Amino acid sequence: MSHAPVHCAGLKPVIVQLKAGETYAWCACGRSGIQPFCDGSHQGTGLDPVVFVAEKDACVALCTCKNTATPPLCDGSHKQLTGAVIHPDADD
Ligand code: FES
């Protein structure tokens, strides 16, 4: 199944405090204006957020470059993307 390109939304992760039992939707398309979370901007792209429930209270680094192999967590892949074009909006 095809989908629109994934956008790079940043070149470093966002540190967030997760609450045990809370449901989160991590933006996988890179178009959200509230990175690293989904704001619905993926509509029509064929891409969907990664929805997960925090197992415990934890401070984690969530990926914004969207190249991580361990979504939603940063795996350091952004360090390879220093020349990447960052797409700050969802218009294309
Ligand atoms: S997955 Fe990116 S806005 Fe929803």
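A nonpolar core is a set of buried Ala, Val, Leu, Ile, Met, Phe, Trp, Tyr and Cys residues joined through C-beta atoms within 7 Å. The model shown here is predicted.

Q: Which residues make up the largest nonpolar core?
A: Eleven residues do: A9, W26, C27, A28, C29, C38, L47, L62, C63, C65 and C74.

Q: Why is I86 called partly exposed?
A: I86 has 13 other C-beta atoms within 10 Å. A residue is buried at 20 or more and exposed at 12 or fewer, and partly exposed in between; I86 is therefore partly exposed, because its value is 13.

Q: Where is I86 found, and which residues does I86 contact beyond its neighbours within four places in sequence?
A: I86 is found in the segment that comes after β4 (58-62). Its contacts, with those neighbours left aside, are C8, A9, G10 and L11. The C-alpha atoms of I86 and A58 are separated by 28 Å, and these residues are 28 apart along the chain.

Q: What makes H3 partly exposed?
A: Around H3 there are 13 other C-beta atoms within 10 Å, so H3 falls between the limits of 12 and 20 and is partly exposed. H3 lies in the segment before β1 (14-18).

Q: How do you know that H3 and L47 are in contact?
A: Contact requires C-beta atoms within 7 Å. Residues up to four places away in sequence not being counted, H3 touches T45, G46 and L47. With neighbours within four places left aside, the contacts of L47 include H3.

Note on methods: Residues are numbered from 1 along each chain as its sequence is written. This is a predicted model: local features need pLDDT of at least 70, side-chain atom pairs count only at pLDDT 80 or more; totals for chains, interfaces and linings use all residues. Two residues are in contact if their C-beta atoms, placed from the backbone, lie within 7 Å. Helices (H or I, at least four residues) and strands (E, at least two) are DSSP runs, numbered from the N terminus.
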